[in-house]
Amino acid sequence: MPGDTERGRSPDQKHTHSRQSSVWSIDLDIPKRTLLRRWSTKQWIAAFFALLFGTGLLSHMFLTRGYWPGAVEEETADMALPTGQTVVAHPVVLDKPRHHSAVLGSPTLQFRDNLRNDTRYMTSWLSAGFTNDVMTLGNLIYLARITNRVPVLPPLDSFIGKRPIAKPFSEIFDLPRLERALGMDVIEWKDVKDPKSEELDVLGCWNVFQVASMQATEPRFSRNAMFLKLDLSYTKAPPSVKLIPGFEHDSHSSFWSLAPLAFPDMRSKALQSMTVETAPSPWTSTSTLPDEQMLCFDYLFYICSDVPFEYDNDIYPSWQVVQKHFRWNAQVERVGQEYLRKLLNVAPGAPIPPHITIHARHGDFKDWCSSPDLQVCFASMHTFSRRVAEVQYELRQRRGISVRPEHVIVTSDEESEAWWDEVKAMGWLRIDHEKERTVERFGEWYPVIVDAYVQSAGLGFVGTDRSTFSTLARLRVRDWNDGAVRMVKWGKPDADEH
Ligand SMILES: *[C@@H]1O[C@H](CO)[C@@H](O)[C@H](O)[C@H]1NC(C)=O
């Protein structure tokens with residue numbers, strides 16, 4: 001095998017060398033009798049890379065400081081589609097943390113040392129797996145927006161069944177682009193507090209979860225606090241944050257029941273009107289009221305503008321205003337396009353033909369099945385194929401685009417090879433992360449990221465009802481690509497009859 005690789009590579013290497021030397025020899029011929037001429041090819045190459053690095057550094061500064069010209073850009077449907085152009089990854093990955101203008105300087109050992117005295121911030125914690133956590137960050141940013149605060153995003157740190165290494169939002173999504181689209185500052189905890197800091201910060205937070213969720217006996221647990229070395233002291237939020245008073249089967253709050261706590265007068269009014277219950281922090285047993293500058297809520301997944309679980313409704317401002325602008329960063333685009341080209345059998349750099357993605361969520365969804373026969377509970381291949389046909393039909397009618405029947409990609413957490421054999425028999429494609437060695441090549445987050453990317457890049461999407469992973473894919477395909485989307489109902493044999 002190694003021999004094959006070497007043989008495969010050597011012609012390329014030769015080609016690169018000869019091209020480089022011909023370019024350099026032209027340049028070197030011109031400035032005769034100058035110092036430049038004394039430079040060897042090696043020095044030229046070094047200079048070239050230094051220039052590249054410098055350009056990268058400069059653009060990085062522009063991007064991170066928000067000086068990028070053309071403040072707000074329209075996101076057209078075409079931009080979201082794989083155009084076939086090679087996406088250039090950020091040319092330089094700087095080891096140095098960014099200095100964002102919404103903080104005083106480089107990350108500090110204690111977070112307060114880096115806060116601007118003319119700026120108010122808002123933060124919250126994550127606790128429910130990749131997709132729900134992304135939606136939670138959307139809520140945090142929306143709440144910060146309507147209260148004129150700078151959201152401070154905690155890193156993502158879980159997906160279903162796994163507790164991987166915490167991953168900053170900006171390692172998956174294009175944060176500078178989000179800031180430009182929103183016209184506001186959005187920062188991450190790593191911009192504020194040095195991730196390597198061992199110093200503990202005490203922070204007072206509002207405990208919303210225990211008030212809104214009647215079964216809860218404590219604030220929502222999150223690993224973020226430990227990772228960020230924060231010692232949290234929680235004060236129970238006022239009873240007004242529970243959306244449906246006395247209803248034990250719901251845990252929601254509305255944005256506008258929490259927003260008043262972001263303003264000094266309303267905050268004092270709330271505190272005066274209730275019995276203040278503040279719990280001491282776990283490590284230093286400090287009791288402190290919710291912080292006014294770094295406003296903090298335990299958990300913002302269950303937060304809505306109007307009704308619970310509104311992501312299935314037309315009114316979903318967290319998506320329409322914020323999450324719609326969570327576009328993949330260049331690295332995810334590059335890796336995702338690589339997978340798509342391989343699956344759809346097109347050469348590197350060639351245009352990617354339109355595709356339809358299916359998301360068949362199984363896994364823990366079996367806990368919701370009333371019948372022990374999962375064949376009966378989950379949607380069948382036949383059900384999915386009927387929906388795929390609907391999507392193909394709509395795309396032909398509405399967009400005049402025919403998606404080839406072999407360009408249907410199935411994503412699923414199903415582990416049964418018999419089920420995947422059925423997929424193959426349908427003539428559909430599978431992203432086999434074990435075979436592709438996705439984890440080994442790109443890290444433990446990438447199987448889920450690649451699946452989400454592939455779904456989001458399609459012109460059609462057929463998802464699983466009640467799966468938030470499907471929900472975000474549906475919204476991305478609908479709004480980024482002007483695509484056709486369907487959700488398959490499940491739970492009993494005729495669940496998706498329509
Ligand atoms: C706010 O910070 C600036 C410098 O960062 C300082 O000059 C100013 O005096 C501070 N204002 C207050 C009210 O502390």
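The questions and answers below concern a predicted model.

Visitor: How many helices and strands are there in the protein chain?
Guide: The model is predicted, and its elements are DSSP runs. The protein chain contains 19 helices and 13 strands.

Visitor: Are H4 and H19 parallel or oblique to each other?
Guide: Helix H4 (residues 130-146) packs with helix H19 (residues 468-481) at about 55°, the axes being 8 Å apart. Angles under 35 degrees count as roughly parallel and those of 65 to 115 as roughly perpendicular. The angle therefore makes H4, relative to H19, oblique.

Visitor: Which classes of residue form the contact of H4 with H19?
Guide: From H4 come Thr131, Asn132, Val134 and Met135, which meet Thr468, Phe469 and Leu472 in H19. By class, the contact of H4 with H19 holds no charged residues, three polar and four nonpolar.

Visitor: How many of the 17 residues of H4 are buried?
Guide: At 1.5 Å a residue, H4 should span 24 Å, and the 25 Å between its end C-alpha atoms agrees with this. H4 is largely enclosed by the rest of the structure, because the buried residues among its 17 number 15.

Visitor: Which residue with a positive phi follows H4?
Guide: The residue in question has a phi near 60° and follows H4; it is asparagine 148.

Visitor: Are H12 and H18 parallel or perpendicular to each other?
Guide: H12 packs with helix H18 (residues 446-456) at about 75°, and the axes are 9 Å apart. Angles of 65 to 115 degrees count as roughly perpendicular. H12 and H18 are therefore roughly perpendicular.

Visitor: How many nonpolar residues does the contact of H12 with H18 have?
Guide: H12 contributes Val332, Val335, Gly336, Tyr339 and Leu340, while H18 contributes Tyr446, Ile449, Val450, Tyr453 and Val454. In the contact of H12 with H18, no residue is charged, one is polar, and the nonpolar residues number nine.

Visitor: Against which strands do the buried residues of H14 pack?
Guide: Helix H14 (residues 381-399) reaches 26 Å from first to last C-alpha, close to the expected 27 Å. Its buried residues are Thr383, Phe384, Arg387, Val388, Val391, Gln392 and Leu395. These buried residues pack against S9, S10, S12 and S13.

Visitor: Is glutamine 392 buried or exposed?
Guide: Glutamine 392 is found in helix H14. The cut-off for a buried residue is 20 or more other C-beta atoms within 10 Å. Glutamine 392 has 21 such neighbours, so it counts as buried.

Visitor: What distance separates the C-alpha atoms of glutamate 199 and lysine 229?
Guide: Glutamate 199 lies in the loop between helix H6 and strand S4, and lysine 229 in the loop between helix H8 and strand S5. Beyond four places in sequence, glutamate 199 touches Leu109, Gln110 and Lys229. Glutamate 199 and lysine 229 are 30 residues apart in sequence, and their C-alpha separation is 6.6 Å.

Visitor: Is lysine 229 buried or partly exposed?
Guide: Lysine 229 is not a glycine, although its phi is positive, at about 55°. Because 19 other C-beta atoms lie within 10 Å, lysine 229 is partly exposed.

Visitor: Is asparagine 345 buried or exposed?
Guide: Asparagine 345 sits in the loop between helix H12 (330-343) and strand S9 (356-360). Its phi is near 65°, a positive value in a residue other than glycine. With 11 C-beta neighbours inside 10 Å, asparagine 345 counts as exposed.

Notes:
Residues numbered from 1 in each chain as written. Predicted model: local features only at pLDDT ≥ 70, side-chain atom pairs only at ≥ 80, totals over all residues. Helix = DSSP H or I, 4+ residues; strand = E, 2+ residues; numbered from the N terminus. Axes fitted to C-alpha atoms, helices over the stretch in contact; angles between N-to-C directions. Parallel < 35°, antiparallel > 145°, perpendicular 65-115°, else oblique. Contact = placed C-beta atoms within 7 Å. Nonpolar A, V, L, I, M, F, W, Y, C, P; charged D, E, K, R; others polar. Expected span 1.5 Å × (residues − 1). Buried ≥ 20, exposed ≤ 12 C-beta atoms within 10 Å, placed from the backbone.
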